[in-house]
Amino acid sequence: MADVTFISSSIVRPQIINQEGREKIHLTPFDLNLLYVDYTQRGLLFPKPDPETHFISRLRTSLSSALDIYFPFAGRLNKVENHEDETVSFYINCDGSGAKFIHAVSDSVSVSDLLRPDGSVPDFFRIFYPMNGVKSIDGLSEPLLALQVTEMRDGVFIGFGYNHMVADGASIWNFFRTWSKICSNGQRENLQPLALKGWFVDGMDFPIHIPVSDTETSPPSRELSPTFKERVFHFTKRNISDLKAKVNGEIGLRDHKVSSLQAVSAHMWRSIIRHSGLNQEEKTRCFVAVDLRQRLNPRLDKECFGHVIYNSVVTTTTVGELHDQGLGWAFLQINNMLRSLTNEDYRIYAENWVRNMKIQKSGLGSKMTRDSVIVSSSPRFEVYDNDFGWGKPIAVRAGPSNSISGKLVFFRGIEEGCIDVHAFLLPDVLVKLLADVEFLEKCG
């Protein structure tokens with residue numbers, strides 16, 4: 001077990017406390033469905049900077065400047081009791097309360113302890129992330145963003161947790177890009193002001209009223225489940241090219257544009273389910289988190305801030321069919337579903353959610369530990385461009401929040417054209433997967 005000493009914990013507020021015109025952000029059904037979901041956790045590993053650079057104070061000061069631009073992260077979740085109909089409403093109060101900044105030291109841990117050649121992730125890694133076990137609804141009293149900077153023997157890890165109702169992956173990495181630029185050069189003149197998503201379902205009243213009974217249900221235990229193992233699978237540019245060629249060969253369309261993410265997702269789905277211990281007749285599903293910005297009508301700004309994610313369900317199939325039909329067929333199930341999604345699908349989802357008011361009481365797929373995979377994040381996020389002034393990251397990782405077996409977090413690899421998949425799997429599934437020659441020959 002690694003020894004971590006917590007040096008300090010403070011609240012960093014925006015430099016400009018006057019938040020006039022930024023008071024309130026209303027929440028959509030997509031946001032409110034995440035009330036009982038854990039804060040999302042990610043982290044970047046860096047080489048160790050020269051202590052003479054006073055990088056901790058620089059990080060803290062530049063964070064304050066970045067929060068001037070990304071002001072929702074400095075707010076708090078607010079609840080309004082609507083006594084007239086016994087409901088409650090939620091919104092983000094952009095009051096400048098601030099984000100949490102934690103400074104920690106772990107002299108016993110080196111970079112090689114975290115970046116193991118076999119891709120395994122040590123159990124102690126979770127203490128390098130803040131907000132373990134914190135739910136979105138806890139944003140009523142907790143900061144919406146927390147960052148933990150842990151100094152190691154020969155590196156620095158910046159772990160963070162954020163309220164997923166406030167932002168999605170695209171927004172948090174845009175924030176990091178801005179923060180790192182301010183920290184590295186001390187300037188913010190050329191940085192663009194924040195564009196909020198500014199989207200709500202046409203004809204839907206807001207704020208949305210939720211029955212009190214739906215928000216008083218006791219959330220699940222905050223204890224982190226010990227039933228899964230983490231592994232980072234590295235797919236080289238050549239591995240991905242081979243998978244895409246295999247897909248094209250099987251579907252018979254040489255000119256068909258094959259998405260790298262979808263090809264790797266199909267490969268992971270087939271491989272994991274093959275070792276899930278399910279009968280051939282049992283059902284299996286693949287969930288893919290989809291960015292709505294360019295799919296809504298009218299389209300949103302690509303850089304707009306907020307949570308604009310929809311979890312799409314690939315057509316359900318049987319374990320036997322997924323195995324027998326091959327990689328190309330699995331790819332088409334993912335590709336066809338994603339291509340078919342329209343603004344109408346999102347509108348219907350939102351209207352049905354308000355009508356039925358079923359809030360997830362835990363992470364997506366919490367009961368599907370063997371029959372499904374969940375694809376999240378994206379290799380499009382430029383995670384390795386975040387240079388705070390002492391060098392670019394050498395690795396990116398996902399934290400333990402919302403972790404169930406079958407969760408796959410996709411990141412861009414450090415080499416151009418590569419993909420890293422941070423997988424969370426049941427121990428017996430992982431053991432079988434690591435003995436699967438067909439799977440391993442397709443990943444580096």
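Which strands does helix α4 lie across? In this predicted model, helix α4 (residues 169–185) lies across β3, β7, β8 and β15. Against β8, the helix runs at about 135°.

These strands belong to an open sheet. Six strands build that sheet, in the order β1-β6-β7-β8-β3-β15, with mixed pairing. From one strand to the next, the twist averages 15°. Strands of a sheet pair through backbone hydrogen bonds, in either a parallel or an antiparallel sense. For β3 (residues 40–47) and β8 (residues 155–162) the sense is antiparallel, over eight bridges. Within this pairing, Phe46 has Val156 of β8 as its bridge partner.

Now turn to helix α6, residues 237–251. Its 15 residues, at 1.5 Å a residue, should span 21 Å. The buried residues of α6 are Asn239, Ile240, Leu243, Val247, Asn248 and Ile251. In an α-helix, residues three or four places apart point the same way, because there are 3.6 residues a turn. The buried residues of α6 pack against β10 (229–235), α7 (260–274), α9 (327–340) and β17 (419–425). Just after the helix, Gly252 adopts a positive phi of about 75°.

How far can the model be read? The average pLDDT is 90, and 93% of the residues score at least 70. Two stretches need care. Over residues 219–226, pLDDT stays under 50, and the model has nine contacts beyond four places in sequence for them. Residues 363–368 also stay under 50, with 13 such contacts. Where pLDDT is low, predicted coordinates should not be read in detail.

Note on methods: Residues are numbered from 1 along each chain as its sequence is written. This is a predicted model: local features need pLDDT of at least 70, side-chain atom pairs count only at pLDDT 80 or more; totals for chains, interfaces and linings use all residues. Side-chain values use heavy atoms; hydrogens and water are left out. Helices (H or I, at least four residues) and strands (E, at least two) are DSSP runs, numbered from the N terminus. The expected span of a helix is 1.5 Å times one less than its number of residues. Buried means under 20% relative accessible area, exposed over 50%, partly exposed in between (1.4 Å probe, protein chains only). Contact means heavy atoms within 4.5 Å. pLDDT is the predictor's confidence in each residue, from 0 to 100. Two strands pair if DSSP finds at least two bridges between them. Axes are lines fitted to C-alpha atoms, for helices over the stretch in contact, and angles run from 0 to 180 degrees between N-to-C directions.
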